[in-house]
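Subject: Structure handover

Hello,

Here is the structure we talked about.

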Amino acid sequence: MKWQVMREVNQMRRELVATYKLTTPLFMAGADQTNAELRAPSIKGALRFWYRAVALSRPGGWQEVKEEEWEIFGSSKTGQGQFLITVDGNGLPKPETFDFKRDRAGIVYLGYGLKDAARKYFKHGPDITVRLLFKPDSGETVIEPVKKALIALGLFGGLGARARNGLGSVAITSLRLDGVEEWKCPQDEKELQEKIGEFIKSLAPLPVELPAYTAFSAQSRIVVAETGRDPVKLLDGIGRTMMAYRRDIKDDSALIRKFLNHGDKSAHPRRVAFGLPHNYFFKSDKAKVDVKAVRKERRAGPLFIHVHALAGERYAVVLTLLPAVFLPGDEEIKLSGSGRDKTVPCRVDYGVIEQFMQEFSNRLEVIP
């Protein structure tokens, strides 16, 4: 009788099953950072992030989003969440060491720090299936926003280390609710553009003001930038383009030189918009300058690089800019180098990232 009741309860539960294609090298690990491991808690953490990113479009603001997140995903305050998560990555190959060759300068740049850490990774290609089993009393107000988070992860994001920089990209290929398919994989870049457009419309109305945290808003920008048949080569090309663009941002190097020569500066480099910390090194005299926030030190970049799978073994790069309040209002940015320190007000211009997104001549703009 007990087992019969348990079966009946399970049959009442709603189930969401998302299948993703791993399109770029995945660096995910547990306590042992040198090995690679596919972890359900890490994937749940990624879903939390994208849940917050899409949930702000609903009325209520950040406090309501936070309380809903606690209720759905669980917290120390509310206890267990509304679903159980299991992950199937049986198709993943044995972890190996990534070959950071010189001809992969763009990957080295986007995966900064991974080479020196000797991290192992999972090779791209296999499917990863994420299964969510909801409590029997979970209604559409719970399931619908989680469904959007699963889609957002598979359209704009990735898993593991350097996911914002395109590593660990996972492209959603299937989404089933209670066994019924609710997602059609885009066949080409034009259809991918349309799919993204439809998803953004489903978030309406988007907040007009700059969000307090990383989330979709009317100020977001999305571009399908490049296409090709080799996803790693595509990502490497994006990295090379970004490396050259950031190096040549107008006036940044001259501004840092002024700081080194005179120890006086009234502004920070425009490159700050890509995230903190970062540094400058001049080969001519070995001078080095570090740029970081005074108290927080770090601030993740607002640009998300994602490699999506298309039909016929083709791939497309999706660039998503999610601007938000960069640092707290009383925070400053610190420049340090050659025995000098200087703090300046934080005045970030996201236009410098929008200009980078315009670098790709064959781009398809979703939110121009």
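The lining of the largest pocket has 23 nonpolar, twelve polar and twelve charged residues (Ala, Val, Leu, Ile, Met, Phe, Trp, Tyr, Cys and Pro count as nonpolar, Asp, Glu, Lys and Arg as charged, the others, Gly among them, as polar). This is a predicted model, where local features need pLDDT of at least 70 and side-chain atom pairs pLDDT 80 or more, while totals for chains, interfaces and linings use all residues. Residues are numbered from 1 along each chain as its sequence is written, and side-chain values use heavy atoms, without hydrogens and water.

A pocket is an open set of points on a 1 Å grid over the protein atoms alone, where a 1.4 Å probe fits, with protein on both sides within 12 Å along at least five of seven lines; lining residues have an atom within 4 Å of a point. The largest pocket holds about 1,900 Å³, the space filled by probe spheres set on the points, which are joined across faces, edges and corners. Of its 47 lining residues, Tyr109, Tyr112, Asn165, Arg246 and Pro277 lie nearest the centre. β11 gives the most to this lining, five residues (strands are DSSP runs of E, at least two residues; helices are H or I, at least four; both numbered from the N terminus).

The second largest pocket has about 280 Å³. Its lining divides into nine nonpolar, one polar and three charged residues.

Regards
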